[in-house]
Amino acid sequence: MEETLKKTVDKFIELSKNKEILIISHHDTDGITSAAIIARALERQDLSFSIKILKQLEEPTIDKLPEDKILVFLDLGSSHIESLSKLNTETFIIDHHEVDIKKIPENIFIINPHLIDKEEISASGLTYLFVKNLNDNNKDLASLGVIGLVGDFLSQNISKHANELIKDSEVKIKRGLLIYPATRPINKSLEYSTSMFIPGVTGNPNGVFEILQEAGITKGNKPYKSIIELTQEENSKLITGILLRRMKKDNEDIIGNIYLVKFFNKLEDARELSALINACGRLDSPETAIGFCLGNKDCRKRAEEIYASYKQHLIAGLNSIEKLQKIQGKGYLIVNAQDKIKDTIIGTVASILSNSSVYDEGTILIAMAYSKDKIKVSARLTGRKGRNLKEILNIVTNKIGGECGGHSMAAGAIIEKEKGAEFIEAIRKTLDIETVKV
Ligand SMILES: [Mn+2]
């Protein structure tokens, strides 16, 4: 890894002397923090650059890329090496997604652990190592790297280079309940706890009050304590309350490392920062998210507004899905939310529910919502084992029309608005036949 980093950085220094740079990154937290890290580093080197944030990289986008600039892909690009090699310019790829190529073309320079030691690290971590090699004064960018690491769920099992990143960042790590933010009053963290859905508590202020009472956590006339301020006893009582409501016996996935980062001069929970950046990136405000990462005060204000409304929508979506009528079959559940839940959050709502332990392992969740003149379909699998959702959606869209994508445990489709009833009928048939086969 060290050798690849050094060689790639040397090549970058040489090439960037007389060519402008175009950074292309992904719209999630890992991609946004990666872009912010490199932007600050290039600014310090006095290099001129521009940034493009993408939902995903597609062939038509590649065809339109400028050939008079050096291209730098972050958190993207590994699966497009062949088409990128056809462009008449040099391309750098800093990415951690799988790569399937034997020989790297001459105009491509890539940092990807899959080509070295298969170590698990985020693109933000790799980008940090890149800029640290570029100039030692970039060490202050490590905390952004940690936020990206947390955003990609890579912060619970730490690899060698992820550890280097964490050490450089000076973040504080505490073991505790994995509900965020761990740094703000716990009643709000519980109410908005979408990362860990707690039946009867998430989105329900009365339920929050009850679970806190049971755990002996009261507020008096002050705000509630934060998670990191709880006593051992309060903490273990609260964990018991959560386990009872989640109907699970082990507390393995509800306890873990909490990363505390100094941000805008305050100690913040990295997951909260990550969720905020993610919301802005996905809701078409990536420039606000990058500005937030780089400490811009106006961007911070805007980002906080976007995040607050995103959380409201998410909780409203979760609350309304409970009330909506569901079609229940053997091993599956279909919810047609129509215009009751926004298309931008229906997938997240479905993911939260599939992780909630409300449904049996292997249950398929199909959620539908209007998306202008179409219907957006999100399919999620509860637990880790079950049928292949991409295949199931593929069968149905082949029959009634539409497009689908994704993978076996989480897939999605877009169909015509008037095909809603037809879709439900077709997917029920497919799911019922599949059950017979199994
Ligand atoms: Mn990533």
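## Reading strands, helices and domains

Me: I would like to begin with one pair of residues. Which residue in strand 2 is the bridge partner of His-26?

Reply: In strand 2, His-26 has Leu-54 as its bridge partner. Keep in mind as we go that this is a predicted model.

Me: How many bridges join strand 1 to strand 2, and in which sense do they run?

Reply: Six bridges link the two strands, and they run parallel. Now look at the pairing with strand 3. Strand 1 (residues 20-26) and strand 3 (residues 69-74) are also parallel, over six bridges. Here Ile-24 stands opposite Phe-73 of strand 3.

Me: And what does strand 3 do with strand 4?

Reply: Strand 3 pairs with strand 4 (residues 91-94) in the parallel sense, over four bridges. To find the spot on your screen, look for Leu-71, whose bridge partner in strand 4 is Thr-91.

Me: How do I put such pairs together into a sheet? In what order do the five strands lie?

Reply: You get 2-1-3-4-5, an open sheet with parallel pairing. Its edges are strand 2 and strand 5 (108-111), each of which pairs on one side only. From one strand to the next the twist averages 15 degrees.

Me: Which strands do helix 1 and helix 2 lie across?

Reply: Helix 1 (residues 2-15) lies across strand 3, strand 4 and strand 5, and runs at about 140 degrees to strand 5. Helix 2 lies across strand 1, strand 2 and strand 3, at about 160 degrees to strand 1.

Me: Now helix against helix. At what angle do helix 2 and helix 5 pack?

Reply: Compare the directions of the two axes. Helix 2 (residues 29-44) and helix 5 (residues 123-134) make an angle of about 10 degrees, and their axes are 8 Å apart. Angles under 35 degrees count as roughly parallel, so helix 2 is roughly parallel to helix 5.

Me: Which residues of helix 2 and helix 5 meet?

Reply: From helix 2, they include Ile-37, Ile-38 and Ala-41; from helix 5, Tyr-128, Val-131 and Leu-134 are among them. By class, this contact of helix 2 with helix 5 has seven nonpolar, five polar and one charged residue.

Me: What is the angle between helix 2 and helix 11?

Reply: Helix 2 and helix 11 (residues 270-282) pack at about 95 degrees, with axes 8 Å apart. Angles of 65 to 115 degrees count as roughly perpendicular, which is why helix 2 is called roughly perpendicular to helix 11. Thr-29, Ile-32 and Thr-33 of helix 2 make the contact with Ser-274, Ile-277, Asn-278 and Gly-281 of helix 11. The classes here are two nonpolar, five polar and no charged residues.

Me: Let me try a single residue. Where is Glu-58, and is Glu-58 buried or exposed?

Reply: First find its place in the chain: Glu-58 is in the loop between strand 2 (49-54) and helix 3 (59-63). Then count neighbours. Glu-58 counts as exposed because it has 10 C-beta neighbours inside 10 Å. His-80 is 22 residues from Glu-58 along the chain, with 8.6 Å between their C-alpha atoms.

Me: Finally, what domains is the chain divided into?

Reply: They are domain 1 (2-169), domain 2 (173-318) and domain 3 (325-437). The centres of domain 2 and domain 3 are 28 Å apart. Eleven residues from domain 2 and twelve from domain 3 take part in their contact. On the domain 2 side, helix 13 (residues 297-323) gives the largest share, four residues. That side divides into six nonpolar, three polar and two charged residues.

Conventions:
Residues are numbered from 1 along each chain as its sequence is written. This is a predicted model: local features need pLDDT of at least 70, side-chain atom pairs count only at pLDDT 80 or more; totals for chains, interfaces and linings use all residues. Domain bounds come from an automatic or database domain assignment. Two residues are in contact if their C-beta atoms, placed from the backbone, lie within 7 Å. Ala, Val, Leu, Ile, Met, Phe, Trp, Tyr, Cys and Pro count as nonpolar, Asp, Glu, Lys and Arg as charged, and the others, Gly among them, as polar. A residue is buried if 20 or more other C-beta atoms lie within 10 Å of its own, exposed if 12 or fewer, and partly exposed in between; C-beta atoms are placed from the backbone. Axes are lines fitted to C-alpha atoms, for helices over the stretch in contact, and angles run from 0 to 180 degrees between N-to-C directions. Angles under 35 degrees count as roughly parallel, over 145 as roughly antiparallel, 65 to 115 as roughly perpendicular and the rest as oblique. Two strands pair if DSSP finds at least two bridges between them.
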